[in-house]
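Please keep the sequence and the 3D view open while going through the points.

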Amino acid sequence: MTRTKFRDLPLVWKILVPYVALLVVVGAFGVFLVVRDLRSQAQATLDRDLARRSLDAESFLHERELYVHESANFAANLQGMADVAARGDASEGARLLGSVLALKTDLNLLVVTDASGTPVTAFTSVAGGATPQEKAGTSWADVGTVQEALASGTGGPTFAFVERDGRSLLAVVAPVCTTSSGCLPSGVTIAGIDLSSVTTSALQRAEGTNSLGSGVTLFDANGRRIAVSGAAPDATVPQFPTGKLVRRDDDVNGTAVTTLYAPLDIDGRRQGALAVTLPTGPAFASVRSAAWRVALIVLAAIAGVVGIGAMLSRFILRQVRPLLETNRALGSGDFTARATVLGGDELGELAEGVNQMAEQLETSYETLEQRVRERTEEVERLLQERTDLFTSVSHEFRTPLAVILAQADSLQDASYAKTPQWCDDVGRMVEESGRQLLEFVNDVLELARAEAGGLDVVLEEFRFSELVAEVRESIQSLAAGAGLSLKVRVRRDLTPVLGDRERVREIIFNLIDNAVKYTPTGGKIELTASNGDGRVTVTVSDTGVGIPDDVGDEIFDPFYRVKGTRTQHSEPSSGLGLALTKRLVEAHGGAISFTQRPKGGTTFSFTLPTALQDMTRSDKGGPAR
C-alpha cells in the first residue's frame with residue numbers, strides 16, 4: 001500500500017492497520033522466542049541424556065575390561081600354569097583353563113601359549129555361543145600385545161582390541177611368569193569377550209532406551225569401527241579437543257539422530273572412541289506440539305484484541321465528529337462556532353482546547369487590522385530609513401564632486417589667468433576632494449563587509465603599549481592641528497592582548513579623530529588603558545560638546561548625527577566612523593560604550609581580550625570572522 005493510498009483511508013483503518021501489523025509482528029516474535037526457548041530446553045535434555053548414556057556405556061565397558069583383566073591374570077597365576085606353558089602340556093592346560101571358565105562364564109576366549117606365542121590350549125566360542133569350547137587355535141605371535149607381554153619383565157597384563165575368527169574381541173594378555181621375583185615369561189594367557197555382546201549389553205543397560213534410532217558404536221585407536229549395536233551413523237571419528245566431547249547431527253535410514261563421541265582411555269592410553277546415538281525426534285516432538293499450541297493461542301489473542309480495538313476505535317470516532325464539524329465551521333470563517341464537551345476525558349479536553357482556540361481566533365481577528373497597520377508603519381519606517389540613507393550618501397558625494405566639477409570648469413575657462421600657483425591650488429583642492437570621496441567610499445564598503453559578516457580580523461599577540469607608542473606622534477599631531485592637547489596614559493606592563501594590530505590601530509585613530517572633530521579649540525583629549533577580568537580596557541575622553549543621554553546606541557548607527565551638533569573645526573563627517581569602530585571592536589570579541597563626563601565631554605571605552613602566555617591557541621595568526 002502506497003503512502004498516498006494509506007492517507008486516503010478512513011481514520012478507523014489508519015488506526016487498525018498499524019495496530020494489527022504491530023500485533024502480528026509482536027505475536028510472531030513471541031512465538032519465535034517461546035519455540036526457541038523450548039527447543040533449547042529440548043536440546044539441553046537430549047545432550048544430558050546423551051552424556052549420561054555415554055558415561056553408562058563407558059562405565060560398562062570398563063567393567064568388562066576389568067572382568068577380562070581379572071580372568072587373564074587369574075589364569076596366568078594358577079599353580080602349574082607356568083609348567084603347562086613351558087612344557088606345552090595341552091591336557092593340563094585344558095584342565096586349568098576349564099576351572100577358570102567355570103568361574104568366568106562371560107568369557108568368549110581363553111588361551112594359554114608357550115614362549116613363542118603358539119597356543120598350548122585354546123577355548124573359543126562361535127559367535128553367539130554361550131560356552132567356549134576347546135579348539136585348535138592359530139598362533140598369537142603376530143599380535144603386538146602378546147609380543148609385548150612376552151618381552152616384559154614386569155609381569156603386568158596388557159589390554160588390546162584383537163580380531164580372531166572374524167570377530168572383534170576385548171582382550172587382555174597376561175604373562176605366565178616362572179619366578180616369583182621379577183618375571184621370566186614362559187608364555188601368556190589371553191582372555192577376551194566379544195565386543196558385539198559388550199555393545200549390545202551397554203545399549204540394553206541404557207535406561208529408557210528407544211531401540212529405533214538408538215545405538216552404541218566402538219572404534220579402535222585407528223578410527224576403525226570394530227563393534228556396533230543399534231543405529232550407527234556413517235561418519236569418521238572426530239578429532240577430540242583436550243578434555244572435550246564431540247556432538248554431531250546425522251541421518252540414519254531417514255531418522256534424524258544425534259551422536260556423542262567420547263575418547264576411550266584404558267590403562268592410561270588412548271585405545272579408541274565410544275559413540276552413543278539417540279534419535280532427535282522424541283526429544284523435539286513436544287517442542288513442535290507446544291509451538292502449535294502457542295501459535296494458536298497467540299492468533300486467538302490477536303483476533304480478540306483486534307476486535308476489541310475495532311469497537312473502541314468506532315466509539316471514539318463517533319465522539320470526534322462534533323470536533324470535525326466545529327473545525328470546518330471555523331475554517332469557513334464562523335468564529336462563533338463551539339464544540340460540544342461530551343465528558344472529562346481526553347476528547348473532552350480536546351473539545352475545550354478547540355473552543356479556546358476559537359476564542360483566540362476571534363480575538364486575533366479583531367486585532368488583525370491593528371497589527372496590519374503596525375506592520376505598514378514598520379515598512380514605511382524602513383522605507384524612510386532607506387531614503388535617509390540615500391540622502392546621506394548623496395550629501396556626502398555632492399560636496400567633493402561639486403568642488404571637483406567647479407575646478408574642472410575653471411580649468412577649461414580661458415578667462416582665468418592660469419599661473420603655476422593657481423594650478424597648484426586647483427590641483428590640491430581636486431586631490432583633497434578626491435581623497436575625501438575615496439575615504440568615504442572605503443568606509444561604506446568596509447561597513448558593508450562588516451554588516452555581511454565578512455570583516456577579516458587576523459589575530460595575533462602583541463603589547464598594546466607598544467602599539468600606542470607607534471601611533472603616539474601621529475595622534476598628537478592630529479590633536480595639535482585642531483588646537484587641542486592630547487595626554488596618553490598607558491602603562492608598559494599591560495598584559496599582552498590578542499587582536500589584529502592594524503584594526504586596533506584603526507579603532508584608536510577613529511576614536512581620536514571623533515574626539516578632535518567635536519572638541520572646541522583649547523580642549524583636552526586623554527587616552528588611557530588598564531587591565532581587568534582577563535581584558536584590557538581602553539578609554540578615549542574629551543572635553544567636547546558631548547552626546548545627549550537619550551541618544552543611546554543610535555550613535556553607532558551608520559550615518560547617524562546628533563541633531564544640532566556640528567564639527568568644531570569645519571571638518572567633514574560621514575557618520576560612519578563610530579559605526580565601523582563598533583563592528584571592529586565586536587569582531588575582536590570586545591564591546592564598546594560611551595558615558596557623559598560630569599564637567600562636559602564624552603568618554604568612549606572598548607575592551608580587548610588578553611592573550612595568556614601559557615595557553616595554546618590554534619587560531620593564533622589565523623583569520624577570525
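Predicted model: local features only at pLDDT ≥ 70, side-chain atom pairs only at ≥ 80, totals over all residues.

1. For helix H10 (residues 464-481) and helix H11 (residues 501-517), the axes come within 10 Å and cross at roughly 30 degrees. Because angles under 35 degrees count as roughly parallel, H10 is described as roughly parallel to H11.

2. Which residues in H10 and H11 meet? On the H10 side they include Phe 464, Leu 467, Val 471, Ile 475 and Leu 478, while on the H11 side Val 504, Ile 508, Phe 509, Ile 512 and Val 516 are among them.

3. Turning to the sheets, one of them is an open sheet of six strands, antiparallel in its pairing, with the order E3-E2-E1-E6-E5-E4. Strand E3 (133-134) and strand E4 (158-164) stand at its edges and have a single partner strand each, so one side of each is left without a neighbour in the sheet. Strand E2 (residues 119-124) is joined to E3 by two bridges, the two strands running antiparallel, and Phe 123 stands opposite Glu 134 in E3.

4. Helix H4 (residues 90-103) lies across strand E1 (109-114), E2 and E3, and runs at about 35 degrees to E2. H6, in turn, lies across E4, strand E5 (167-177) and strand E6 (185-194), running at about 45 degrees to E6.

5. There is also an open sheet of five strands, again with antiparallel pairing, whose order is E8-E7-E11-E10-E9. Its edges are strand E8 (225-230) and strand E9 (246-252), each of which has a single partner strand, so one side of each is left without a neighbour in the sheet. On average, with direction ignored, neighbouring strands of this sheet are turned by 20 degrees against each other.

6. How many bridges join strand E7 to E8? There are five, linking E7 (residues 215-220) to E8 in an antiparallel arrangement, and Val 216 stands opposite Ser 229 in E8. Helix H6 (residues 195-205) lies across E7 and E8, running at about 35 degrees to E8, and H6 also lies across E4, E5 and E6, strands that belong to the sheet of six.

Note on methods: Residues numbered from 1 in each chain as written. Heavy atoms only, no water. Pairing = 2+ DSSP bridges. Helix = DSSP H or I, 4+ residues; strand = E, 2+ residues; numbered from the N terminus. Axes fitted to C-alpha atoms, helices over the stretch in contact; angles between N-to-C directions. Contact = heavy atoms within 4.5 Å. Parallel < 35°, antiparallel > 145°, perpendicular 65-115°, else oblique.
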